[in-house]
Each structure stands twice: as C-alpha cells, then as structure tokens.
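Me: I'm new to reading protein structures, and I'd like to learn how to spot salt bridges and cores. Can you walk me through one?

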Amino acid sequence: MKSAVVDYYQILGVKRTASQVEIKSAYRKLARKKHPDVNSGSENAAREFAMIALAYRTLSDPQERSYYDAQYERLKNAASSVLHSDNVHARRMRSMAVQMRVNRAVDSWIEDGRRENFMLQQAVFPTVTLYLSTFFAVMLKPKFWQGFGLTGRSVIVVLSVIGLYHLISRLRVCFERYTYRPKSIQDSLMGDEKPDKPFTRRTAFAFLIIALAASLAAGLLVGEQMHYAILEDMPYFFDQHVKPELLFYPPIAVLVIDSMHALAAKLDVSI
C-alpha cells in the first residue's frame with residue numbers, strides 16, 4: 001500500500017540519507033530539465049516543477065526535513081489508518097490530498113515567481129534610470145539651478161538627498177539579494193558547493209561604476225556634438241559647460257521614476 005505522504009526523496013531521485021549537497025545538486029539537475037521555461041510553459045510542466053521545488057524546499061531545510069521524515073514514517077507505519085485502506089473512499093481521499101498539495105505548491109511557485117520578478121524590477125529600474133538621467137544631464141546641461149532662487153535651489157538639494165538615499169537603499173537590497181562575498185581559499189577547498197547568487201559584490205560594484213562612467217562619457221561626447229547643432233540655439237535652457245549642480249539631477253530622476261513605478265505596481269495589484 002502507498003503512503004498518503006508524497007515521497008520527496010523519490011521526486012528528487014536521491015536516497016533518504018542524501019546530504020544537503022546531494023539534494024541541491026539533484027534539484028539543479030531536475031530544474032534544468034523540468035523548468036516550465038524549457039518546456040513551453042505548459043501547465044503540466046509547471047505542476048511537475050512545483051512538486052520538485054516543494055520537495056527541495058522541504059528537504060533543504062533541516063527542521064522541515066526532520067518533521068517531514070517523522071510524518072512520513074508515522075503514516076507509513078499506520079497500517080490501520082483509513083488513509084491506508086484500499087477502499088474507494090480512502091483512495092479518493094489520498095488523491096484529493098495529493099492534488100490539494102500540488103495546487104498549493106503551484107500557487108506558491110507562481111507567487112514566488114511574481115515576487116522575484118518584482119524584486120528584479122526594483123533592481124533594474126533605479127539603475128537604468130540612474131544611467132539614463134546621468135547621460136541626459138551631462139548631455140543637455142539644463143539650467144534649472146541658475147533659473148531658481150534660494151527656495152528653488154533648496155528644494156532641488158532636498159529632493160536630491162532623498163533620491164540619493166532612496167537609490168542607496170534600493171542598491172543595498174539588490175546587492176543583498178543578487179550578490180555574494182567570495183569565500184576564502186580555505187573555505188573554497190573545503191567544499192565544492194556553488195553560491196546561489198549570480199554575482200560577487202566586487203563584480204556588481206565594478207559594473208555599477210563602469211556603467212555610470214560610460215553614461216557620463218557618452219553624455220559628454222553627444223553633448224559636444226549637439227552643442228553646435230541644437231543647444232547653442234537655446235542658451236536660456238541649456239548650458240555649454242558642465243557644472244557641479246548637474247550631480248543633483250540624476251538622484252531626483254531616480255526618485256521620481258521609481259516612485260511612479262511603485263505606484264503603478266500597487267495600482268496593478270489592486271486591480
């Protein structure tokens with residue numbers, strides 16, 4: 001007679017004595033084969049992968065694994081339980097229980113995907129806005145600062161500080177989620193487990209600085225070309241020289257664009 005508890009070890013294709021490294025390795029191999037993205041996004045593939053993800057999530061957590069093992073053994077040995085009966089109603093109950101668990105796993109997997117997509121957007125929007133706003137600021141060199149009095153300049157400074165704080169907060173969250181600190185040589189030799197996060201802190205920081213420098217250089221280069229063609233005809237709006245106050249504008253652009261994106265996301269969820 002089959003147990004009413006789904007055998008997660010069988011789903012991952014590992015022994016019940018498998019180590020955490022073996023469980024993670026088995027999950028990665030199955031994920032590459034069974035992920036819905038490589039199976040035309042079919043519903044059956046989504047359900048199958050959801051069970052694989054649920055099995056890995058349970059067995060990769062020591063406490064969850066211990067509880068699961070205890071429950072599995074208890075139900076396996078309870079021969080007198082109605083769930084272990086071969087009558088029609090017991091089989092139906094087992095089928096419904098498994099189906100409900102699969103449905104919950106699929107819903108959880110879809111929700112995790114949405115959450116991951118939202119986190120990725122929170123990483124992409126601020127950084128892309130920073131690069132584009134830097135490019136346009138040094139290319140156009142707008143005269144906002146010169147056109148405002150003390151009150152207007154104070155507003156620019158305050159908004160820039162708020163935007164800079166917002167940008168740093170976003171980047172800190174993204175660094176925590178998508179980057180890792182490399183292990184020491186001794187730790188690397190002790191085990192061959194690969195990090196779950198895609199980039200090192202140093203690589204991500206270097207990319208951020210290089211991309212920002214490239215945006216700055218591109219803006220200066222294009223601005224020099226546009227100066228003779230367009231900008232010299234509008235001297236009241238655009239300056240010919242790069243000035244320190246241009247540094248205030250990119251953080252403000254990040255604050256405005258990211259706030260609009262967050263508002264749109266909330267409205268989309270409410271609808």
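This is a predicted model: local features need pLDDT of at least 70, side-chain atom pairs count only at pLDDT 80 or more; totals for chains, interfaces and linings use all residues.

Me: Is R201 buried or partly exposed?

Reply: Buried means under 20% relative accessible area. R201 has 18% relative accessibility, so it counts as buried. E176, at 44%, counts as partly exposed.

Me: How many salt bridges does the structure hold?

Reply: Five. Another one pairs D258 with R170, the closest N and O atoms being 2.9 Å apart.

Me: Which residues do shared partners join into one network?

Reply: D7, R16 and D69. Within it, R16 forms a salt bridge with D69, and their closest N and O atoms are 3.7 Å apart.

Me: And what about nonpolar side chains?

Reply: In soluble globular proteins, they tend to be buried together. Here the largest nonpolar core has 21 residues, and Y8, L12 and V14 are among those with the most contacts inside it. Helices α1 (8-12), α2 (20-34), α3 (43-59) and α4 (62-77) each supply at least two of its residues, and α3 gives the largest share, eight. Another core, of seven residues, lies apart from it and includes L130 and L208.

How values were computed: Residues are numbered from 1 along each chain as its sequence is written. Side-chain values use heavy atoms; hydrogens and water are left out. A nonpolar core is a set of buried Ala, Val, Leu, Ile, Met, Phe, Trp, Tyr and Cys residues joined through side-chain atoms within 4.5 Å. Buried means under 20% relative accessible area, exposed over 50%, partly exposed in between (1.4 Å probe, protein chains only). Helices (H or I, at least four residues) and strands (E, at least two) are DSSP runs, numbered from the N terminus. A salt bridge is a side-chain nitrogen of Lys or Arg within 4 Å of a carboxyl oxygen of Asp or Glu.
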